[in-house]
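Subject: Structure handover

Hello,

Here is the structure I promised to pass on. Please open it first, then read the notes below.

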Amino acid sequence: MQDIAVMLARYLPKLALPQVGITDVIEIALISFFVYQFMVWIKFTRAYTLLKGILIVLGFIFIAYVFQMSTILWIVKNLSTVLITAVIIIFQPELRKVLEQLGQKKIMSAIPLFDTSKEVQERFTDKTVNELVKACFDMGEVKTGALIVIEQNIRLTEYERTGINVDAVLTSQLLINIFEHNTPLHDGAVLVRGNRIVAATCYLPLSDNMELSKQLGTRHRAGVGISEVSDSLTIIVSEETGQVSVAKGGKLSRGLTSAQLREALVKAQNKKVVDNGKLRHLLKGRAKHEQ
Ligand SMILES: Nc1ncnc2c1ncn2[C@@H]1O[C@H](COP(=O)(O)OP(=O)(O)OP(=O)(O)O)[C@@H](O)[C@H]1O
């Protein structure tokens, strides 16, 4: 018993935890946040399968290390730079997507420099909302497929370029006409900016979200795809079922009623502008004062 007490007295001070400061806590929280986000993100992408492959290779390297297989270790050592570059190239689309999503997160808008919320005005009128709702449900009734991307803060110029310029005031008749079967503009997506249809036949990036129902085809995948890489709101009318769905922030809401679609559009319309750019307001006030 006494021996144990002596041993504890000798070793306990050595086991004492190092001093943990506030910076260490913040550091741990940040690392946990990024690791968690990384794991959630990777689980729903194609990268998950690739990651499993990489883990198997790492397992083999570990075994080679344990048994000191010098030739394998030499090859790994000499190829490591090439392997890292290869991984970056393989994951390039996913890395790009994750950085774009990070840029859209509210964390960035918490920093006054990146806060653009104050400058946003009503994006489109009530008339445009009515025309969109009418067109989508009219098309749904007769099972005409449609894909309509409504631009918000992030400019979709690179996707606009893939289509044919329209630049016309948005009306339900025009939308129905564009998506009419066997017409030159019916394929691909229509891009809406404000109250205007800017382009038709646009090609959108396809989502590689494995969670999406296998019944859904490329129209829905393209709708979700553009909502993953931008803050746009996309309306999808199914040619098969006539159902109206909405994709936003990588999530698909299926089988919407006209009231639900209107609600989503009113949200995107951004009528009530909340001025949270307090710092900018303060600075402006001071500048006026100083004049
Ligand atoms: N990458 C893309 N960008 C824009 N539009 C696309 C893209 N891929 C497919 N489409 C559109 O989707 C149509 C094909 O839809 P498909 O039948 O595969 O989709 P779906 O999701 O099953 O929808 P539906 O329920 O309407 O059949 C194409 O004719 C084209 O208009």
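Helices (H or I, at least four residues) and strands (E, at least two) are DSSP runs, numbered from the N terminus. Residues are numbered from 1 along each chain as its sequence is written. This is a predicted model: local features need pLDDT of at least 70, side-chain atom pairs count only at pLDDT 80 or more, and totals for chains, interfaces and linings use all residues.

Leu 252 is part of strand E7, residues 251-253. Is Leu 252 buried or exposed? A residue is buried if 20 or more other C-beta atoms lie within 10 Å of its own, exposed if 12 or fewer, and partly exposed in between; C-beta atoms are placed from the backbone. Leu 252 has 21 other C-beta atoms within 10 Å, so it is buried.

Ser 230 sits in the loop between H10 and E5. With 24 other C-beta atoms within 10 Å, Ser 230 is buried.

The buried residues of H10 include His 220, Gly 223, Ile 226 and Glu 228.

The length of H10 checks out. The expected span of a helix is 1.5 Å times one less than its number of residues. For the 12 residues of H10 that gives 16 Å, and the end C-alpha atoms are 16 Å apart, which agrees. Helix H11 (residues 258-269) also has 12 residues, should span 16 Å, and has its end C-alpha atoms 16 Å apart. After H11 comes Asn 270, with a positive phi near 60°.

H4 and the UniProt spans

Helix H4 covers residues 70-90. Its 21 residues reach 28 Å from first C-alpha to last, close to the 30 Å expected. H4 bends by about 55° at Ser 80; the bend is the angle between axes fitted to the seven residues ending there and the seven starting there. H4 is hardly covered, with a count of 0 buried residues.

An unreviewed UniProt entry lists residues 20-42 and 49-67 as "transmembrane region". UniProt positions are given in the numbering used here, feature names are shortened, and annotations may be inferred rather than shown by experiment. Residues 20-42 are 91% helix and 0% strand, with end C-alpha atoms 31 Å apart. Residues 49-67 are 95% helix and 0% strand, with end C-alpha atoms 28 Å apart.

The strands

Two strands pair if DSSP finds at least two bridges between them. Strand E1 (residues 146-150) is mostly covered, with 5 of its 5 residues buried. Ala 146, Ile 148 and Ile 150 point one way from E1, and Leu 147 and Val 149 point the other way. In a regular strand the side chains alternate between the two faces of the sheet.

E1 pairs with E5 (residues 233-237) in the antiparallel sense, over 5 bridges. There, Ala 146 has Val 237 as its bridge partner. E1 and E3 (residues 189-193) run parallel and are joined by 3 bridges. Ile 148 stands opposite Val 190 in that strand.

E3 also pairs with E4, in the antiparallel sense over 4 bridges. Leu 191 stands opposite Ala 199 there. The hairpin of E3 and E4 has 2 residues between the strands, and Gly 194 takes a positive phi near 65°. E4 (residues 196-202) has 5 of its 7 residues buried, so it is largely enclosed by the rest of the structure.

Best wishes
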